[in-house]
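Colleague: I would like to learn how to read a few features of a model. Please give the general idea each time, then the case at hand.

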Amino acid sequence: MPYRLIYKSTATKPIDSQLLDDISKIATINNKRDNITGLLLATGESFLQILEGNFIELNELLSKIERDSRHKDLKIISYEPINSIYFDDWNLKAVGYNAFTDSIKTLLSTKYGRDKNKNLLIPEDPSIAFSLLFDVQYYLRNQKKSILYN
C-alpha cells in the first residue's frame, strides 16, 4: 500500500534556481530508484513537499530529508496510507512560486493567502496543503511556457 508524506520546512539560505536544480537532479535519480514521486514547492523562505511511495522507502527518505542542512524546522503535515497516487508525473518536480505567471500567482495567493512577508502562505492543515500542491501540479501540467525560478 502506498503512503503520502507532506511536510513543510524553512530554507537555511536563499532559495534560487540553482538550489532547486540541485535538489531536483539528485532527488529525481534517487526517487526513481526507490519508486517515489512528488512535488516540491518553494515560496519565500519556505518549502512545501509532497512525496508518495512505499512506507519503507519514504521513511528512509524522510530520515535523509531531516538531516539535510539546506532547511530547518521541518514539520510533518501529513503522513498516511493512500489508495491512489496523485503526484506520479515526476519523481521530483521542484518549482519556485515566483516561476508562475502573475495570474496564477494571484489565483494561488487569493485561494491560500499570503504570509507577513507577502509570500504564498504555506498551510499546515493537511487537506489545504494537499489542495495547494494539487493546484500547483495542475498549473504545471497546463502552463504552456517553461517554468523557471525567477
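Modeller: Start with exposure: a residue is buried under 20% relative accessible area, exposed over 50% and partly exposed in between, with a 1.4 Å probe and protein chains only. This is a predicted model, in which local features need pLDDT of at least 70, side-chain atom pairs count only at pLDDT 80 or more, and totals for chains, interfaces and linings use all residues. Residues are numbered from 1 along each chain as its sequence is written, and side-chain values use heavy atoms, leaving out hydrogens and water.

Colleague: Is K118 buried or exposed?

Modeller: K118 counts as exposed, because its relative accessibility is 61%. Its place is the loop between helix 3 and helix 4; helices (H or I, at least four residues) and strands (E, at least two) are DSSP runs, numbered from the N terminus. K118 is not a glycine, yet it has a positive phi of about 70°.

Colleague: Where is D73 found, and what is its phi?

Modeller: D73 belongs to strand 4, residues 71-81. Its phi is positive, about 55°, although D73 is not a glycine. D73 is exposed, with a relative accessible area of 54%.

Colleague: How should I read the confidence of the model?

Modeller: The protein averages 91, and 95% of the residues score at least 70. Over residues 145-150 the pLDDT is below 50, and this stretch has 17 contacts in the model beyond near neighbours in sequence. Contact means heavy atoms within 4.5 Å.

Colleague: Which residues of helix 3 are buried?

Modeller: In helix 3 (residues 102-112), the buried ones are I104, K105, L108, S109 and Y112. They lie on the same side of helix 3, because they cover an arc of only 125° around the axis. That arc is taken from the directions from the helix axis to the C-beta atoms. The face turned away from the buried side carries the exposed residues D102, T110 and K111. Just after helix 3, G113 takes a positive phi of about 95°.

Colleague: What covers the buried residues of helix 3?

Modeller: The cover includes helix 4, residues 126-142. For a helix pair, axes are lines fitted to C-alpha atoms over the stretch in contact, and angles run from 0 to 180 degrees between N-to-C directions. Angles under 35 degrees count as roughly parallel, over 145 as roughly antiparallel, 65 to 115 as roughly perpendicular and the rest as oblique. Here the axes come within 11 Å and cross at roughly 170°. Helix 3 and helix 4 are therefore roughly antiparallel to each other.

Colleague: Which residues meet in this helix pair?

Modeller: From helix 3, I104, L107, L108, K111 and Y112 meet I128, S131, L132, D135, V136 and Y139 of helix 4. These residues divide into eight nonpolar, one polar and two charged. Ala, Val, Leu, Ile, Met, Phe, Trp, Tyr, Cys and Pro count as nonpolar, Asp, Glu, Lys and Arg as charged, and the others, Gly among them, as polar.

Colleague: How does E52 read: buried or exposed?

Modeller: E52 is buried, with a relative accessible area of 1%. It sits in strand 3, residues 46-54. Not counting residues up to four places away in sequence, E52 touches several others, including Y3, R4, N35 and F87.

Conventions:
pLDDT is the predictor's confidence in each residue, from 0 to 100.
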